[in-house]
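Please take a moment to look over the sequence and the model before reading on. The paragraphs below go through some parts of it in turn.

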Amino acid sequence: MGFPELKLTANGALLGSALFALALLPATGAAQEFEDVQPSVGILSLKQQGSFFIGGNTHAVPSPYAGSPGNSMINQMYVQFQKPAQSNHRPPIVFVHGCCLSSKTWETTPDGRMGWYEYFTRKGFDTYMADQVGRARSGFDALQYQKVRYDSEALEFDDDGNGAGCINGVSPPGPNPAGCLAPGDPRGNPVSATLPGKTGATNPSILIATDMFAWDVFRYGPPCTAPCGAFTSPPTIAPWPDEQFPMETVLAGGSQTFFKQVIPDLSASLGTFGVNAADFRPTPQRMAVLAKKLGGAILVGHSQSSSFPTRAALQDPTGVRGIIQLETGCFLPGPGGTLTDADVATLAKIPMLIVEGDHFTTGNPPVPQPRPVAPCPQEIAAIQAAGGDITYVHLPEVPGIGTGNSHMFMQDHNNLKIADLIIAWIKHHVKENDGHDD
Amino acid sequence: MHTILAVLVSASQMLYEAQVPTFGCSSNAEVARLQAVRSDANAFYKLLTEQVVHGQCVAIPPGAMVEGSITDTDASMLLVNVKNDPPGYVVPLKDFTPRKADARQ
């Protein structure tokens with residue numbers, strides 16, 4: 001599938017601005033760290049920068065889970081922003097990162113080049129970055145891990161419905177005794193459940209993104225089918241010949257700086273207890289609230305969060321002025337899917353952009369998968385049939401972009417070209433603000 | 001037609017409790033793919049992780065209470081969390097048991 005609406009835009013201007021952006025960049029040197037941060041391309045004039053939180057709720061943390069029993073705050077979403085001195089009069093843009101990552105995704109690239117946080121600000125956008133609920137500066141619910149740690153020795157306490165419930169392997173009377181499992185309960189950890197005095201409560205899984213996980217998911221090279229590693233020296237795996245990611249920050253022998261932004265993903269700890277029960281993905285709701293507070297915003301999600309802008313719009317479309325999905329994030333409409341006609345009608349009122357990188361393959365030898373990835377074709381067709389404005393971009397097919405973009409194309413060598421592509425789409429599809437910027 | 005079905009679905013919502021560590025996805029097909037490899041712990045964990053990473057599925061802890069209804073196309077699957085996280089998630093019904101409406105605190 002092509003992207004006719006982008007072709008209708010002024011390709012020359014698009015390419016021209018992209019080339020100008022590239023001209024601003026010094027040549028990439030050997031990958032280092034502090035030393036690798038490249039010089040400023042000129043004064044960055046800001047009206048304001050700051051940070052705040054959206055949402056959050058307290059829950060009880062009794063002894064012995066905390067040395068000083070009391071309440072702790074969970075489920076808040078940390079937001080950082082900067083506003084340029086000269087606005088482009090478009091709605092603010094809000095970036096949310098993917099799995100195992102944080103807002104660092106949008107900052108300086110691993111090899112020291114300008115990231116999208118600075119670039120979009122330089123282009124006149126009020127630019128916001130949020131850490132997903134349960135990640136990085138948004139914190140996480142440590143009580144669930146403490147519960148497992150102290151499972152066999154804690155004293156009973158009154159469950160406030162928000163936190164841990166029973167102790168010593170006995171569930172208290174009442175509904176939904178969160179986390180209180182008897183020995184041998186099949187919901188528990190089969191190993192710890194066999195230990196004397198253990199109830200078998202299960203730690204929520206922590207997703208640890210290893211080098212090979214990143215290799216496969218971020219598509220740095222052909223899938224590895226034998227023992228191999230990016231950290232082995234010399235590396236026993238090779239990137240795609242046209243790989244756009246700065247691989248000197250990935251492979252042994254280089255800085256491996258990329259992996260320093262990869263952090264544990266505690267998403268599985270979300271939505272277990274009391275008022276938060278079943279709230280497995282609190283971030284989209286916070287994004288909808290943020291967009292409304294901003295008086296309208298363009299929401300951007302990547303990978304794990306690529307569906308979040310759509311989820312946010314379906315919760316409350318009031319503030320959502322545009323949806324940008326970077327890599328996946330589509331929903332199947334109709335039978336067998338979750339997207340209803342009413343959902344499609346809501347989305348048809350919001351401009352949407354889907355951007356995908358290169359090298360989606362399966363098998364060995366790698367076989368390219370059809371683009372867009374399912375179920376995007378069905379969602380695109382449904383929204384277009386409802387009169388909506390949805391654009392699909394497969395980066396290798398865009399004139400001037402080239403091949404080899406990874407899953408992390410906001411950090412690829414041509415990241416600013418891709419940013420210009422997105423900005424061009426915004427200018428043609430998202431309405432200007434109504435004459436007032438704060 | 002689908003809107004009418006959605007209204008009917010929302011009218012027949014029930015509370016369910018997850019009995020085992022389970023998952024929810026964006027479509028029946030994604031749930032079926034995971035169910036097909038569930039007996040192989042490693043293959044299941046790898047596929048679930050991949051789906052979670054790409055935002056198509058979520059892990060659901062045991063004891064989680066969800067509002068849901070059996071999907072109109074597959075009686076072995078529930079559509080849950082339509083109200084608090086639209087458009088919701090499809091989950092394998094056999095991992096859940098119905099609970100009384102006052103069970104959620």
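Helix H6 of chain A, residues 283-293, is mostly covered, with 8 of its 11 residues buried (a residue is buried if 20 or more other C-beta atoms, placed from the backbone, lie within 10 Å of its own; helices are DSSP runs of H or I of at least four residues, and strands are runs of E of at least two, numbered from the N terminus). Among the buried residues are A:Met287 and A:Leu290, and the helix is followed by A:Gly295, whose phi is positive, near 75°.

This is a predicted model, in which local features need pLDDT of at least 70 and side-chain atom pairs count only at pLDDT 80 or more, while totals for chains, interfaces and linings use all residues. Residues are numbered from 1 along each chain as its sequence is written, and chains are lettered from A and ligands numbered from 1 in the order in which they are written.

In a regular strand the side chains alternate between the two faces of the sheet. In strand S5 of chain A, residues 93-96, A:Ile93 and A:Phe95 point one way and A:Val94 and A:Val96 the other, and all are buried. S5(A) pairs in the parallel sense over 4 bridges with strand S6, residues 127-130 of chain A (pairing requires at least two DSSP bridges between the strands), and A:Val96 stands opposite A:Ala130 there. S5(A) also pairs with strand S7, residues 297-302 of chain A, in the parallel sense over 4 bridges, where A:Val94 has A:Leu299 as its bridge partner.

The mean pLDDT of chain A (the predictor's confidence in each residue, from 0 to 100) is 82, and 78% of its residues reach 70 or more.

Note on methods: Buried ≥ 20, exposed ≤ 12 C-beta atoms within 10 Å, placed from the backbone.
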